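This report goes through a predicted model by region. The sequence and structure come before the text.

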Amino acid sequence: MTTSALIMMISVQLIVTGITGYFFFKVLNTPPKTDNNDLDELIDD
Amino acid sequence: MANSDSWGTRVGLILAMAGNAVGLGNFLRFPVQAVQNGGGAFIIPYLVCFLIMGIPLLWIEWTMGRYGGRKGNHSTPFILDEMTRLKFWKYFGVFGIFTNIGVAAYYCYIESWTLAYVYHSVMQTFAGGTQEEVSNFFVQYTTVGYSTTGIPFESIIFYVICLALNTWILSQGLQGGIEKVAKVGVPLLLIFGAFLAVKGITLGDSNAPDGCTDCNSLLGLNFLWEPQLDSLLSPSVWLAAAGQIFFTLSVGMGTIHCYSSYVRANDDIALNAMSAGWMNGFVEIVLGASIVIPIAVGYLGLDWVVENAGFSMAFQTMPYLFTQWGTYLGTIAGGFWFGLLFFAGITSSLAMGTPWMGFMRDEFGWGQKKAAWSFGGIILLVGMPTVLFFQQGVFDEYDYWAGTVSLVVFALAESIIFGWRFGIDRGWKELSRGSDIKIPNFYKPITKYVTPIMLLIVFLSALITPKDNNWEAAFKGNWELDASSIIGKIQNKGIVANKTWFSEYFESELSGEVTEIAVGVTGKTRVQISSQAQFYKDGAGNPRKIYSESKKEELADVIYDSLVVSKTYRFDKKQEILVKEGDQIELRDHLAKGSFIHNMFYTDMAKLLLTLLFLFICYLVFKATKRRERALRDQLDSEGTKND
């Protein structure tokens, strides 16, 4: 592989893996909401 | 019966949404698109399109879905009705049910191939076969009436099994069916994909046939990732990237709306959408790019892959390549590859069942099981022509109208509704409700202006695609329509011979030489038409095409002129062959005499069936509207009576 192809592949794959991991980590570490039912009635459309 | 389902866990929802987006296209369409559009440079427009079109569309659909769900609507007709308060738009929402039925009809067929190929991989059907034999196996499998296993009507049986499995899972509900499958299927898909990707990257030239100088998986990776920056100036590359983003995310279908409609009113959707969307990107860019192309190049060479890269590689090339890995590893790899495609397929097809079910449960009070089995029944009815007449072009016709054009039309409509009718400020407020991430404000103008304009460009480019996708020539004034453009399709520009439904003669669709006439294993007479081309054979005897002058010089000692099979026709015993081996034929020359039903009949019937399906759903929406009006009148009357 040429250097430019290698850099392109590794950088893109690392960025995409990193962003995916970041969002999934955030999902796993955000506590669930408990106020859904109470707020349903208050929603103004 | 109240439609009060909800997701069990947040991870389950994200995996189901990711499974919905991850499909066969992640492993087959993306690498082929990248190969055809500038290799590594394709990723730049791809990521740009993801940021300015993909992410806004995901947010639009998640928002519309949760908003609709809160109002008791779980399918697009009445979600649009609720958002626009205009009668007209709910009929646009019909696309959100129609597309899913139209696509599921043929998608379940592909899914059934993967199931059948898992079986054949485990049974080692492909062991010892040549590349041509393994490739022909697919043709035999899709020939109704011919059995590769001894099971009569094998392709129909596998299709029905697959459809029954989908229907049964759907009948188990959101938490008990779809979510469970997603929690098992998506992780397995990732494991299978990772195994094959590592194998693809590390294959190198260790399995290169003797004499093959470009059989090296690293050459495949190099070709995929080498930036060809000049391709960034090509409109066709940008359009291909926009198209890929569009199809890979499963937007414009109505499935995301439906899944999201079961999210509770104040639960996050912004972060969930990002998580599922990027997971799809991970599967596509990291895994999808590292399997088919590198492995195929490792055995068949770069020239071959550049010339032959396409959807058919999954079923006609990969099984042969896996047999080269030996009995055990080959069996495991085959099982993993088709297992991966199966999980990618089923997590998508399950999503396609939910809009119909949501609609029937909301509007007609159907129970979960009744809604699920009715979906299975409709798919069987609409999908059977794709199984029976696959080789006559019905499958492709469904894919084009239901799986391509409808998606773009619906996505364009919903982006306009969200940004302009519902209102971007109102939409943003809805999106931000309960959000676990800070949504960048610059996405507001992007969602309102850039995304609809991008979608309009994608739609117009599909409507008037210039010949051979050559936009440079088109902008210089030579705007001849391509046969694949929407207008070209309506005009049947791609049909150059056999232009009637029925006839006594079968015409050749190309010029060339008749190189073989033989009776195949299916009992039909095979007539091969070949044309002259330069190519060479490698040390293993595999035909290899040359696509660059430099390569030709490098391999001058093995290059020679020869005939390449361009088209193979199959005729029944009752049809008389009018040509013999060695004949030179021209376009529209008669090849056979007898009673013929041409592909045009089947494709026209497919169009008719899809139109009837669309009208049927329109009728159901009309009926549902009347039911709602009657219910409202009854409610007002009863309130009036109470007040009196």
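## Domains and confidence

The domain assignment of chain B gives domain 1 (10-460) and domain 2 (502-596); such bounds come from an automatic or database domain assignment. Between the C-alpha centres of domain 1 of chain B and domain 2 of chain B the separation is 34 Å.

This is a predicted model, in which local features need pLDDT of at least 70 and side-chain atom pairs count only at pLDDT 80 or more, while totals for chains, interfaces and linings use all residues. Residues are numbered from 1 along each chain as its sequence is written, and chains are lettered from A and ligands numbered from 1 in the order in which they are written. The model has an ipTM of 0.88 and a pTM of 0.90. For chain B the mean pLDDT (the predictor's confidence in each residue, from 0 to 100) is 89, and 94% of the residues of chain B reach 70 or more. Residues 536-551 of chain B have pLDDT below 50; beyond near neighbours in sequence, this stretch has 43 contacts in the model. Two residues are in contact if their C-beta atoms, placed from the backbone, lie within 7 Å.

Chain A contains two helices and zero strands. Helices (H or I, at least four residues) and strands (E, at least two) are DSSP runs, numbered from the N terminus. Of the 45 residues of chain A, 13% count as buried. A residue is buried if 20 or more other C-beta atoms lie within 10 Å of its own, exposed if 12 or fewer, and partly exposed in between, with C-beta atoms placed from the backbone.

The contact involves 27 residues from chain B and 24 residues from chain A. On the side of chain B that touches chain A, the elements giving two or more residues are helix H1 (10-21), H4, helix H11 (217-225) and H14 of chain B. H14(B) gives the most to this side, with nine residues. By class, the side of chain B that touches chain A has 15 nonpolar, six polar and six charged residues. Here Ala, Val, Leu, Ile, Met, Phe, Trp, Tyr, Cys and Pro count as nonpolar, Asp, Glu, Lys and Arg as charged, and the others, Gly among them, as polar.

## Helices H11 and H3 of chain B

Eight of the nine residues of H11(B) are buried, so H11(B) is largely enclosed by the rest of the structure. Among the buried residues are B:Leu219, B:Phe223 and B:Trp225. The buried residues of H11(B) pack against helix H1 (3-28) of chain A, and also against H3, helix H10 (173-202), H15 and H16 of chain B.

In H3(B), residues 29-36, the buried residues are B:Phe30, B:Pro31, B:Gln33, B:Ala34 and B:Val35. Their cover includes helix H2 (24-27), H11, helix H12 (235-248), H14, helix H15 (292-300) and helix H16 (302-308) of chain B. After H3(B) comes B:Gly38, with a positive phi near 95°.

## Helix H22 of chain B

Within H22(B), residues 424-432, B:Gly427, B:Trp428, B:Glu430 and B:Leu431 are buried. These residues are on the same side of H22(B), because they cover an arc of only 160° around the axis; the arc is that of the directions from the helix axis to the C-beta atoms. The buried residues of H22(B) pack against helix H4 (43-70), helix H14 (270-287), helix H21 (394-421) and helix H23 (443-463) of chain B. B:Gly434 follows H22(B) and has a positive phi, near 75°.

## The sheet in chain B

Three strands of chain B form an open antiparallel sheet in the order E1-E8-E6. Strand E1 (502-507) and strand E6 (576-577) of chain B are the edge strands, each pairing on one side only. Two strands pair if DSSP finds at least two bridges between them. E1(B) is joined to strand E8 (residues 590-597) of chain B by five bridges. B:Phe502 stands opposite B:Ile597, and B:Phe506 opposite B:Ala592. Two bridges join E6(B) to E8(B), and B:Glu576 has B:Lys593 as its bridge partner in E8(B).

B:Asp583 is in the loop between E6 and strand E7 (584-585) of chain B. B:Asp583 is partly exposed, with 15 other C-beta atoms within 10 Å. The C-alpha atoms of B:Asp583 and B:Lys71 are separated by 69 Å, and the two residues are 512 residues apart along the chain.
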